[in-house]
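Subject: Structure for you to look at

Hello,

Here is the structure I promised to pass on. Please open it first, then read my notes below.

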Amino acid sequence: MNDIINGIHGWYFGPEVIAEANRKGQMLTMDYELGRSCPLRCIYCYRTDDSRDEQKDLLDTTIWKHVVDDARELGVQSVKLIGGGEITQEPDFREAMEYIAGKGMIVVLFTAGTVLGNDNYCRKLHKMSSRELAQWMYDLGMSVFIKVDSLNHELQDKIAGFDGFAVIRDRALELLIDVGFNKPNPTRLGLEVNVSRHNIHEIMDIYALRTKFNVYEDVVVSMPCDALQRNKDYDITYDQKRDLYRSIYAFNQEHGIPYEFISPFIGGLVCSQLGNGLYVTNRGDVFHCPGSFVHLGNVKDVSLKGIWKQFSEKEKYHGTYFCPFREDAGIFPAHLVEELRAELESHRVTAGTKVGDRTNTA
């Protein structure tokens, strides 16, 4: 386990790759949207009541593809498809995935699994079985994140706002594992885990799946863009956050999972989005990332290349480009990071790198 890469294929870039991109002024990754609607009503969803979520004036296919073209010319190596709905239920899902992959970029898909885990629905939409779709995605070189907020079906359905979701989700996961998404290193299979007061009691059971199945886990507490910020009763307490961080990093140490810095993605990679990427919505609006509300422009008015050139703020994150702990958003108190750093430093499992080093490997 000591040679494991703490990341997922397409959302992991070594320090040499990042340094070269910085030197050339290139992007490395882009968060992008395709979907328009989602069958789930997750209690934490950042799209539930988001001012950026108006479903009008959406990008047409020509502009959508042009943004992909610009991204490739800017040096982008991966496109993370994060919404704005369930992307796999879009009629042009396969065409869009093939277009990105055809440009030589890795597709990192975030999905609930509602199509992949429902064979009849999959055949209706894509004229192929769920297994055939999973194999097609694998052959295209994609990585996949799938939603796992609870291993308890009743609780997962409650969190997702969808009766029967957990059974469908589990079927999708089984297919992805059967096809082999979890075989490489870095893995191509990730679990998206949102922590709330509803599921805090089982987060460590979910996190243990990292070593059992060789999956990467995107474990997050409240973000400034999600519904937990508007519904404080869902969020966990300060003490629970502290204990969760301690437990997860202790697990990493015990199982030889390396980490370069204490991350808002608990136990996981340190996101380089602020220094090396942009987020483009399905309306064409451009932001730093999904956690930002700083509007940088719209690709209908200015090309992605033009927006990237004008985005000078990215340079301040070169070399210290980790996602900051936004204490004002209630995510995680910054002073607690220093406390945890001091506790963990003497017990690190990755030789030669201190917890406090800000060398990004994401």
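In this predicted model, nine strands form an open sheet with mixed pairing, in the order S6-S5-S4-S3-S2-S1-S7-S8-S9. Helices (H or I, at least four residues) and strands (E, at least two) are DSSP runs, numbered from the N terminus. Two strands pair if DSSP finds at least two bridges between them. Strand S6 (216-220) and strand S9 (295-298) are the edges, each pairing on one side only. On average, neighbouring strands are turned by 20 degrees against each other, direction ignored. Axes are lines fitted to C-alpha atoms, for helices over the stretch in contact, and angles run from 0 to 180 degrees between N-to-C directions.

Helix H7 packs on the sheet and touches strand S4 (143-147) and strand S5 (189-194). The direction of H7 makes about 155 degrees with that of S4. Contact means heavy atoms within 4.5 Å.

Two housekeeping points. Residues are numbered from 1 along each chain as its sequence is written, and side-chain values use heavy atoms, with hydrogens and water left out. Local features need pLDDT of at least 70, side-chain atom pairs count only at pLDDT 80 or more, and totals for chains, interfaces and linings use all residues.

Next, the helix pair. H6 (residues 153-160) and H7 (residues 165-179) pack at about 105 degrees, with axes 8 Å apart. So H6 is roughly perpendicular to H7 (65 to 115 degrees; under 35 is roughly parallel, over 145 roughly antiparallel, the rest oblique). H6 brings His153, Gln156, Asp157 and Ala160 to the contact. H7 brings Phe165, Ala166, Val167, Arg169 and Asp170.

H7 also gives the most to the lining of the second largest pocket, with five residues. The lining includes Arg169, Asp170, Leu173, Glu174 and Ile177. Leu209 and Phe213 are among the other lining residues. The space in this pocket is about 220 Å³.

Now the backbone. A cis peptide bond joins glycine 83 and glycine 84, with omega about -10 degrees. Glycine 84 sits in the loop between S2 and helix H3 (93-102). Another cis peptide bond joins asparagine 185 and proline 186, with omega about 5 degrees. Proline 186 is in the loop between H7 and S5. Lysine 127 is not a glycine, yet has a positive phi of about 60 degrees. Lysine 127 lies between helix H4 (119-126) and helix H5 (130-139), in the loop.

Best wishes

Key
On a 1 Å grid over the protein atoms alone, a cavity is a set of points where a 1.4 Å probe fits but cannot get out, and a pocket is an open set with protein on both sides within 12 Å along at least five of seven lines; lining residues have an atom within 4 Å of a point. Grid points are joined across faces, edges and corners, and a volume is the space filled by probe spheres set on the points.
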